[in-house]
Amino acid sequence: MAASKLMMVVVVMAIASFRLPHTVAQPQRHVVGDTFGWNVPNDGPTTYTTWASRQTFNVNDTLFFNFTTGFHDVAEVTQAAYGPCTNADPISRETNGPATLTLTRPGNHYYICTFGTHCQIGQKLTINVVGGSTTPPPAGSTTPPSPPAPSSASTFTAVVPVTFLAAALALFY
Ligand SMILES: *[C@@H]1O[C@H](CO)[C@@H](O)[C@H](O)[C@H]1NC(C)=O
Ligand SMILES: *[C@@H]1O[C@H](CO)[C@@H](O)[C@H](O)[C@H]1NC(C)=O
Ligand SMILES: [Cu+2]
């Protein structure tokens, strides 16, 4: 009897440990501009605003900026610097292409190319990174990210193992 109860516990634990990792989203790799890459667009900033509007960016995702070293770069700048394409004091700058940047912070991020007038004529990208339910917005943040809508699939996978566990415990006691 004790052995079969122990067996049941093992089975319940196995189900729970198998299902739970699927509720955590895997980091995505976003190829900026898709096949166009990170270049001077022909239609102004539209290329990158349209591209960004079709993506969901989460903390730990990566941005892949595909450009040729020496022809472009990618600098993360403040919102204040982004509008007028100021590149005097960037937050970070990658000069070797292609460059992969990891999105470590939720909130808005602003990227420009600092070569010539590339930013002014549209080689600029702004994105909003959502933090996930376990990541609070940084202290002092004035623009907290909106939490992602919970999908029915993740709710299901989270609830099912708990239900099994509750049923198993009800059998024992
Ligand atoms: C991001 O990755 C770090 C390190 O692997 C991890 O501790 C953190 O929970 C992750 N955050 C999210 C929102 O996935
Ligand atoms: C990066 O750009 C080069 C040159 O246009 C292209 O050959 C390559 O396929 C691109 N890589 C990705 C991952 O899009
Ligand atoms: Cu450029």
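This is a predicted model: local features need pLDDT of at least 70, side-chain atom pairs count only at pLDDT 80 or more; totals for chains, interfaces and linings use all residues.
Three strands build it, in the order 1-3-6, and the pairing is mixed. Strand 1, residues 29-31, sits at one edge, and strand 6, residues 99-102, is the other edge strand. Each of these two pairs on one side only. From one strand to the next, the twist averages 25°.

Look at strand 1 against strand 3, residues 62-65. They pair in the parallel sense, over 3 bridges. If you want a residue pair to find on screen, take histidine 30: its bridge partner in strand 3 is leucine 63.

Leucine 63 takes us to the core. The largest nonpolar core has 19 residues. Which of them touch the most other members? They are Trp38, Leu63, Phe65, Tyr111, Leu125 and Ile127. Helix 2, residues 46-53, supplies at least two residues, and so do strand 3, strand 6 and strand 8, residues 124-130.

Now zoom in on phenylalanine 65. What remains is a list of eight names: Val32, Trp38, Val74, Pro98, Ala99, Leu101, Tyr111 and Leu125.

There is another core, lying apart from the largest one. This one has 8 residues, including Ala75, Ala81, Tyr110 and Ile112.

Next, strand 7, residues 107-112. Strand 7 is mostly covered, with 5 of its 6 residues buried.

Last stop: glutamine 123. Where does this residue lie? In the loop between strand 7 and strand 8. Is glutamine 123 buried or exposed? Its relative accessibility is 0%, and the cut-off for buried is under 20%, so glutamine 123 counts as buried.

What does the side chain of glutamine 123 reach? The backbone oxygen of tryptophan 38, at 3.2 Å. Tryptophan 38 is also one of the residues that touch the most other members of the largest core. Leave aside neighbours within four places in sequence, and glutamine 123 is in contact with Trp38, Asn39, Val40, Pro41, Tyr48, His72, Ile112, Cys113 and His118. Among those, Ile112 belongs to the core of 8 residues.

Note on methods
Residues are numbered from 1 along each chain as its sequence is written. Chains are lettered from A and ligands numbered from 1 in the order in which they are written. Side-chain values use heavy atoms; hydrogens and water are left out. Two strands pair if DSSP finds at least two bridges between them. Helices (H or I, at least four residues) and strands (E, at least two) are DSSP runs, numbered from the N terminus. Axes are lines fitted to C-alpha atoms, for helices over the stretch in contact, and angles run from 0 to 180 degrees between N-to-C directions. A nonpolar core is a set of buried Ala, Val, Leu, Ile, Met, Phe, Trp, Tyr and Cys residues joined through side-chain atoms within 4.5 Å. Buried means under 20% relative accessible area, exposed over 50%, partly exposed in between (1.4 Å probe, protein chains only). Contact means heavy atoms within 4.5 Å. A polar contact is a pair of N or O atoms within 3.5 Å; within protein, one must be able to donate a hydrogen and the other to accept it, and residues adjacent in sequence count only if both atoms are side-chain atoms.
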